[in-house]
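The sequence and the model come first.

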Amino acid sequence: IGNQYGFDPQQVLAGMGAYQEKTGDLATGKAGLGDLAKLAKATSTELADMVSAAADVGTALGDVGVAFKTPEEKAKRVYEVMKTIAGQGQEGAVEVKALAVQMAKLSASAGFFAGDRGKNIEKMGALAQLSRQMGGASSSSQAANSIASFVNTLRTPARLKQFEAAGVDIYSKKKGEEGKIVD
């Protein structure tokens, strides 16, 4: 991978170590490393940052044997989400290399919404772009913090009472999604 994409082999090992440390899932890290290296190279992102962000996404998406049949299937889904985040960065105000270190915040925020977790992470990425571009956030860190704060505000008792008073139920009624906000 290092030779193929022009990364120092030590960086490749460090990236794998970061994935393993965050997820405990070396098989998925290995399965996705080539695609993540290609994406890192294409976006001028440090490989360790890209792989670390992918680990945050992978953790949020679920485990092999539960949410995914194989490490390769999970690695493909992680890559699809990371590719979308990278594409948003090309069009928006925060490039993936800056947002990569904030991925844990976006992934955690996505977990409070009903529906496909990967799509929710992509939506959190889009909100981070808007926060930076039009919402007053001056950095990727502030953009990610704004998203986390927004989600926390939605979940406060005071905000829930306001929704209820307006006749709006923001929580999913689907089995397995109870307590999740409908997107």
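## Basis and overall fold

Helices (H or I, at least four residues) and strands (E, at least two) are DSSP runs, numbered from the N terminus. On that basis the protein chain has 10 helices and 0 strands, and its elements run α-α-α-α-α-α-α-α-α-α from the N terminus on.

The model is predicted: local features need pLDDT of at least 70, side-chain atom pairs count only at pLDDT 80 or more, and totals for chains, interfaces and linings use all residues. Residues are numbered from 1 along each chain as its sequence is written, and side-chain values use heavy atoms, with hydrogens and water left out.

## Dimensions and burial

The C-alpha trace of the protein chain spans about 60 × 40 × 25 Å along its principal axes. The radius of gyration is taken over C-alpha atoms, and the globule rule is 2.2 Å times the number of residues to the power 0.38. For 183 residues a compact globule would have a radius of gyration near 16 Å, and the 17 Å of the protein chain agrees with this.

Buried means under 20% relative accessible area, exposed over 50%, and partly exposed in between (1.4 Å probe, protein chains only). Of the 183 residues of the protein chain, 44% count as buried. Contact means heavy atoms within 4.5 Å. Among contacts between residues at least 6 apart in sequence, 61% join residues at least 24 apart.

Two packed helices are described by the angle between their axes and the distance between the axes. Axes are lines fitted to C-alpha atoms, for helices over the stretch in contact, and angles run from 0 to 180 degrees between N-to-C directions.

Helix 4 (residues 47-61) packs on helix 8 (residues 117-134) at an angle of about 135°, with the axes 9 Å apart. Helix 4 is therefore oblique to helix 8 (under 35 degrees counts as roughly parallel, over 145 as roughly antiparallel, 65 to 115 as roughly perpendicular and the rest as oblique). Helix 4 contributes V57, A60 and L61 to the contact, and helix 8 contributes R117, G118 and I121.

T28 is placed in helix 3 (residues 26-42). With a relative accessible area of 2%, T28 is buried. Leaving out residues up to four places away in sequence, T28 touches Y19, V64, P71, K74 and A75.

S44 lies in the loop between helix 3 and helix 4. Its relative accessibility is 55%, so S44 counts as exposed. Although S44 is not a glycine, it has a positive phi of about 55°.
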